Amino acid sequence: MKLNRIGSAAAVLSVAALALTACGSDSPTAAAGSEGAETSAASGVTGTLTGIGASSQNSAMEAWSTGFKAANPDANVQYSPDGSGAGREAFLAGGAQFAGSDAYLKEDEAAKAKEVCGPEGAFNIPAYVSPIAIAFNLEGVEEINMDAATIAKVFKKEITKWNDEAIAKQNPDVELPDTAITVVHRNDESGTTENFVEYLKAAAADVWTYDVSGDWPSDIQSENAKGTSGVVSTTTSTDGAITYADFSAVGNLSTVNVKVGEDYTKISAEAAAKALETATPVEGAAENDLALDLERDTTESGTYPIVLVSYHIFCSSYKDQATADLVKAFGNYVISEDGQKTAQASAGNAPISATIAEKAKKSIDGITVAE
């Protein structure tokens with residue numbers, strides 16, 4: 001299965017993954033204008049962290065929650081994989097103590113976070129990193145080559161048959177059937193969608209003229225489903241279907257090799273790592289914010305540019321010492337070697353680099369208590 005393939009390769013992926021947040025059953029709201037002393041991570045903590053967010057990182061979250069509880073029997077982490085948009089919305093409304101999101105907070109969302117988290121607002125930490133697969137179900141075909149323009153035309157439904165000349169000329173050794181292409185997209189606001197269309201917009205701007213958004217363009221009428229599991233399930237049961245989804249979740253679906261430069265890059269953790277090497281910190285982000293911008297239109301051969309960086313979003317300050325201790329304890333478990341190995345075995349995601357781990361720990365330990 002592809003899950004095992006990415007799991008075995010993931011050790012090379014050089015960026016990403018990280019901490020989680022939240023507090024007990026009360027809102028994490030920090031009083032406006034408050035400042036607090038830094039707290040240190042606690043062991044044997046108690047309470048419940050509650051989050052909502054990206055379905056892409058759900059398997060990793062389940063592993064982290066289980067591992068954390070084993071070390072802290074009186075603590076629980078509950079996570080509802082309702083989608084990135086739902087997670088950010090709940091967090092910003094004070095209805096969730098942390099959010100999981102395949103897209104970092106936008107400028108207006110960061111401003112709104114100050115109403116919930118106090119004057120220092122919230123920050124993003126890379127929590128889960130994986131290539132986004134262009135996955136398809138076509139009997140007898142295990143992989144196909146496509147350039148960015150062809151991918152964009154397929155998902156715009158301008159190319160509607162698998163043996164279309166645009167596909168066939170890039171796959172001279174593949175016997176392509178005269179099967180209709182069924183596009184399957186997310187019907188919920190999704191960071192996976194946003195990352196995928198960000199690639200299309202950057203690498204095939206002449207074809208993909210839509211704005212980058214977590215919502216699929218409403219005028220492209222096609223099959224749709226909720227969440228990662230939904231689109232994978234629909235594609236798996238539909239001959240000729242194609243979708244986009246977190247690589248660790250696509251199971252036995254076939255995948256597209258993406259043209260970058262003069263070559264076609266096969267999806268892998270190694271290839272995704274090359275894309276992350278050129279990632280840059282988001283301009284204007286706070287020192288504790290590790291949000292990244294990726295070079296989607298790279299021409300460096302061997303790079304896989306459709307990469308999902310899924311974040312954990314949490315407050316810079318929490319309402320009491322117990323909550324801050326709980327957040328820090330869980331965050332430091334997640335970025336530990338044990339936490340990373342636990343998630344990798346379950347979800348096939350990549351362990352974080354030492355550099356990212358060090359920065360993530362500094363951000364987590366910098367969480368304060370509102371006065």
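This is a predicted model: local features need pLDDT of at least 70, side-chain atom pairs count only at pLDDT 80 or more; totals for chains, interfaces and linings use all residues.
Local features require pLDDT of at least 70 and side-chain atom pairs count only at pLDDT 80 or more, while totals for chains, interfaces and linings use all residues. Residues are numbered from 1 along each chain as its sequence is written, and side-chain values use heavy atoms, with hydrogens and water left out.

The chain holds 12 helices and 15 strands; these are DSSP runs numbered from the N terminus, with helices (H or I) of at least four residues and strands (E) of at least two. Of its 371 residues, 59% are buried, where buried means under 20% relative accessible area, exposed over 50% and partly exposed in between (1.4 Å probe, protein chains only). Among contacts (heavy atoms within 4.5 Å) with a separation of 6 or more, 79% involve residues 24 or more positions apart.

A search of the whole structure turns up one disulfide, defined as a pair of cysteine sulfur atoms within 2.5 Å. Cysteine 117 and cysteine 315 form this link, with an S to S distance of 2.0 Å. The link is left-handed, with -55° about the S-S bond. Because cysteine 117 belongs to helix 4 (residues 107-117) and cysteine 315 to strand 13 (residues 307-315), the pair ties together parts that are 198 residues apart in sequence. Both cysteine 117 and cysteine 315 are buried.

Helix 4 also packs with helix 3 (residues 84-92), at an angle of about 40° and with axes 9 Å apart. Here axes are lines fitted to C-alpha atoms, for helices over the stretch in contact, and angles run from 0 to 180 degrees between N-to-C directions. The two helices, helix 3 and helix 4, are therefore oblique to each other; angles under 35 degrees count as roughly parallel, over 145 as roughly antiparallel, 65 to 115 as roughly perpendicular and the rest as oblique. Helix 3 contributes Arg88, Phe91 and Leu92 to the contact, and helix 4 contributes Glu109, Lys112, Ala113, Val116 and Cys117. Five of these residues are nonpolar, none polar and three charged.

Serine 84 lies in helix 3 and is buried, with a relative accessible area of 1%. A polar atom of the serine 84 side chain lies 3.4 Å from the backbone nitrogen of glycine 191. Not counting residues up to four places away in sequence, serine 84 touches several residues, including Gly53, Ala54, Asp102 and Glu189.

Helix 8 (residues 227-236) has seven of its 10 residues buried, so it is largely enclosed by the rest of the structure. Gly227, Gly230 and Val231 are among the buried residues of helix 8. The buried residues of helix 8 pack against strand 4 (122-137), strand 6 (182-186), strand 7 (223-225) and strand 8 (241-246).

Two further buried positions complete the description. Isoleucine 167, in helix 6 (residues 165-168), has a relative accessible area of 0%. Not counting residues up to four places away in sequence, isoleucine 167 touches residues including Ile144, Met146, Trp162 and Leu176. Threonine 303 sits in the loop between strand 12 (292-293) and strand 13, and at 1% relative accessibility threonine 303 counts as buried. A polar atom of the threonine 303 side chain lies 3.1 Å from the backbone oxygen of glutamate 300.

Terms used. Ala, Val, Leu, Ile, Met, Phe, Trp, Tyr, Cys and Pro count as nonpolar, Asp, Glu, Lys and Arg as charged, and the others, Gly among them, as polar. A polar contact is a pair of N or O atoms within 3.5 Å; within protein, one must be able to donate a hydrogen and the other to accept it, and residues adjacent in sequence count only if both atoms are side-chain atoms.
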